[in-house]
Every structure is written in C-alpha cells, then in structure tokens.
Amino acid sequence: MSGSGKRFLLLSGMPIGHSAGLAADLIKALEARGHKVDFLTRDIDAELRSRPVGFRRMAKTLVRAARRNLRFIDKAAADVNRWLGRGVENNIDFKYPITHPDDSETPLPIETITDRIHGNYDAVITLYWQSMISAGTLQLLHERLGVPILIYAVDMEPFTGGCHYFSNCRNYKSQCGRCPGLRSDDPADQSHQNYLIKKGIYSNIPCRLLCNTWMGNIAADSGLFGPGQIVKFHICLDDNLFRPMDVAETRRFFDIPDSKKHILLFRYSDFDPRKGFPILTDALARLYESMTRRERSETLLLIAGSPLENAGSMLPFDYKHLGLLDQQQLIRAYNASTLFLSPSVDDAGPSMVNQAILCGTPCVTFAIGTAIDVIQTGVSGYKARNFDAADFACGTLEILRLPEGEYRTLRAASREMGLKCNSLDAAASVIESALK
C-alpha cells in the first residue's frame, strides 16, 4: 500500500462488467494498494459494492444493461425533443450520441445516489456518464461530500456540449453551439448552454480529468479545464489476466492449421464507422499485393465481433470468424495472433490495443486514441500515418517479415509497454498522485 488507505466512491452509468470489466479492474487496482472502493451504477440490479462481482454475474448484468440502455437512448431523444418541440426523427442525429440533454439537471435525482452511500469518502471517481451523471451531478456531489472528483474520461462527454463522440464535429473548440447532433444552427443552443454550465462547475469544484494524451489534447482545446486539471492516465487493465500465454497452445485452441504462420486479428463492428473497416479492407488488399505467393498462403485473418457478410468477396486472405468472445477466449485470441490490427479513425481507445500489448501482441494502428501513448513503431508495433491504408499495409508487412528473434523481442517490449502504461499498479499510482 502507498500511504494511508483511502475510501473512494466509484460511479458509472454502465455496469461493472462493461467494456471488459473496466470498473472491476479499477477497483482491483485501488484495493491492491490498500484502498476501499464503493461502486454504484445505474444498473437496477447492482447494489453498492466494495468489490467486483464474478464474471458470470457480470455477463448477465451487461446483457440487462444493454437492453435498458436502448430505452435510455430513446428517453434522451425524447428529452431533447421536448425542448425543441418537434419529432425525434427531425432533431437527433445519432452519429453524435447524446444520452442526457441538459447539464444543469441530473439524469437521476441526486438522492438516488446519496441515499445509498454512507460514511465519508476521500474522493469520487466517475466512469461512464450515460444516463446517470452530468456536470450538475458533480456539483451536487461535491456539495454533499466535499471531496475532490476525478473524471476518468472513457469518452468525450465530459468536455463537449453533450455528445460522447463528436465524429467530424469540432465545435467543442469554440464552446459548442450549432450542434449537428441536435440538427441546430443556433450558436446559443443547448449544447452551448451545456458548455457554459460545465465551464462554471469545473472552475468551482476540485476536479481533475484523467485521460490519455489524445483525449487530453481535445480537452485542452475545449478550454473547459484550467492549469493542472488534466492528468495523463491510461486505461486500467488486469495485467494478471491479460498476459502472454503459450502461442502454440492458443493456436490449437482455435484450430489454426500449422501451415498458417502469419495470424492477423481484428475486430469487426457492423454499425460503427469510427472503427475504420473500409480502410482496413483497402490495407489488406495492398498487403496481399505486396506479399509473395508463399506469404499469402501462410496468412490467416482472425475476425472477432459481428458476423461479416460477404467476407469472401471483401477479404483477400483465408479467414476464420471467431464471433463474440468472452474474456478468456479474447485473451487466447490475442496470444494466438502475430499482430492485432486496429484501423480505428475516431476512438478514445480502443481498449483492445491495450489488451493486446499486455498479452505481448504488437499492434498496427493509426496515431489516434490510446495508440498515441502505447504504440511506438519498432517497440510495440507500428503507428501508421493517419488514415493511410498504404502505410498501414507497409507497417504490417514490415513486422511479418521480421526475423524470429527480432519478433520475439517486439513481443516482449509490447508486454513491457502494457505494464508501464496499463497495469493495475500503474493506474493506482496515477490516482494516488492526482489526490496529492
């Protein structure tokens, strides 16, 4: 334990198992250093807990939360349209997701939170705000508890006028307004009002934003935070679970033929353009053209996530669809892979990059999100020029052609990068320092 143990209140609009157990890992990190953590979520089945529930319970909770969150989004749309007085279909653009329309109000009555907590805390930490937390919530919590608030930025909602992903909009640089998510041309619309509300609250309570470099640059551009309020922080993962395993064993687990030497893992999402799949297909086509006939025959694509229709016509290589993976299957998939390919073009993470390097699997990425901090060319993978499919393919081939000894060194260095940035101990150290 570092110093005297503290007591934290951890709040999240998503359940403890969401995003591969992000809240659960943060609890583990802090408890391992002698701190106590109480967790509160909007999930109607979750009780105030001092430690994470088992994985099986997490999975059930996540399914229930996913169903409810569809209703939360519908309710948010209805709330927005109550102020605008028109139909949902004309006023909300879900390219810019908004789950709570007015930062002066709390998505939940503050008593819903304060009536379920007891005793004193040393700090409050927030994760996902959706349908549970607003800037107004932070102000009321500080009035009731009188402690610092650490905003763990898992998306952009804490530093925009309401959306938690802003796609191609950059209005956050000029105090929002004219919000495309609200289909608004009004410079003083609700998004601008939300910006002003956040500015006033952040400047009057002891709060800090914990985020990676990419998000920190965006937050700084927003002008919402003062000197010292933005603290560099990486996603917290359980490095005892995300770890290197025997590569041959994991390949046998997925029935990967011995003839396949180059295993490229990627995640397919059929509904999220931010994940960059069109660029990936372009890069794979270029990679195929640059390879020898033998290299092509030795390459296998592993596809995690949603079913990919017409994969045979879109992908030049042999492929194996793994579907939706549980945590242990995902860890095996990272270990079975030569590389994890992450073509995301607009993403605070993705956390799969951090998970992969903790397993010792180097990544090919663009210079966005978490990759800015954890992917270094020649150390933990290859960081391609942004949105350049040719360079993405070039970096992939460069790693696939490394001599065996150099590739082993790359895997070891990837793991070391993950431990330095994303381990439980690294996360707890940053949080402790942020409260000094």
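Colleague: Is the crossing of helix 5 and helix 6 left-handed or right-handed?
Modeller: Helices here are DSSP runs of H or I with at least four residues, strands are E runs of at least two, and both are numbered from the N terminus. A crossing is left-handed if the near helix is turned anticlockwise from the far one by less than a right angle, and right-handed if clockwise. For helix 5 and helix 6, the crossing comes out left-handed.

Colleague: What kind of model is this?
Modeller: Residues count from 1 along each chain as its sequence is written, and side-chain values use heavy atoms, with hydrogens and water left out. Local features need pLDDT of at least 70, side-chain atom pairs count only at pLDDT 80 or more, totals for chains, interfaces and linings use all residues, and the model is predicted.

Colleague: How do helix 5 and helix 6 run relative to each other?
Modeller: Axes are lines fitted to C-alpha atoms, for helices over the stretch in contact, and angles run from 0 to 180 degrees between N-to-C directions. Angles under 35 degrees count as roughly parallel, over 145 as roughly antiparallel, 65 to 115 as roughly perpendicular and the rest as oblique. The axes of helix 5 (residues 135-145) and helix 6 (residues 190-202) come within 9 Å and cross at roughly 25°. That makes the pair roughly parallel.

Colleague: Which residues of helix 6 meet helix 5?
Modeller: Contact means heavy atoms within 4.5 Å. On the helix 5 side you'll find A135, G136, L138 and Q139, and they meet, in helix 6, K198, I201 and Y202.

Colleague: And how are helix 1 and helix 17 set to each other?
Modeller: Helix 1 (residues 18-32) and helix 17 (residues 424-434) have axes 8 Å apart and pack at about 75°. Where they touch, D25, L26, K28, A29 and L30 of helix 1 meet L424, A428 and I431 of helix 17. The two helices are therefore roughly perpendicular.

Colleague: What about helix 13 and helix 16?
Modeller: Their axes lie 7 Å apart, at an angle of about 125°. So helix 13 and helix 16 are oblique.

Colleague: Which peptide bond is cis?
Modeller: Most peptide bonds are trans. Here, though, P350 sits in the loop between strand 10 (339-342) and helix 13 (351-358). With omega near -5°, the cis bond is the one from G349 to P350.

Colleague: What phi does R183 have?
Modeller: R183 is in the loop between strand 4 (149-152) and helix 6. Most residues other than glycine have a negative phi. R183 is not a glycine, yet its phi is positive, at about 55°.

Colleague: What is the volume of the largest cavity?
Modeller: On a 1 Å grid over the protein atoms alone, a cavity is a set of points where a 1.4 Å probe fits but cannot get out, a pocket is an open set with protein on both sides within 12 Å along at least five of seven lines, and lining residues have an atom within 4 Å of a point. Grid points are joined across faces, edges and corners, and a volume is the space filled by probe spheres set on the points. Of the 16 residues lining the largest cavity, G161, C163, C169, C176 and C179 lie nearest its centre. Its volume is about 110 Å³.

Colleague: Which helix gives the most to the lining of the second largest pocket?
Modeller: That pocket has a volume of about 420 Å³. Among its 17 lining residues, R251, K261, H262, T338 and Y407 are the closest to the centre. Helix 8 (247-253), helix 15 (389-400) and helix 16 (404-422) each supply at least two. With four residues, the one giving the most is helix 16.
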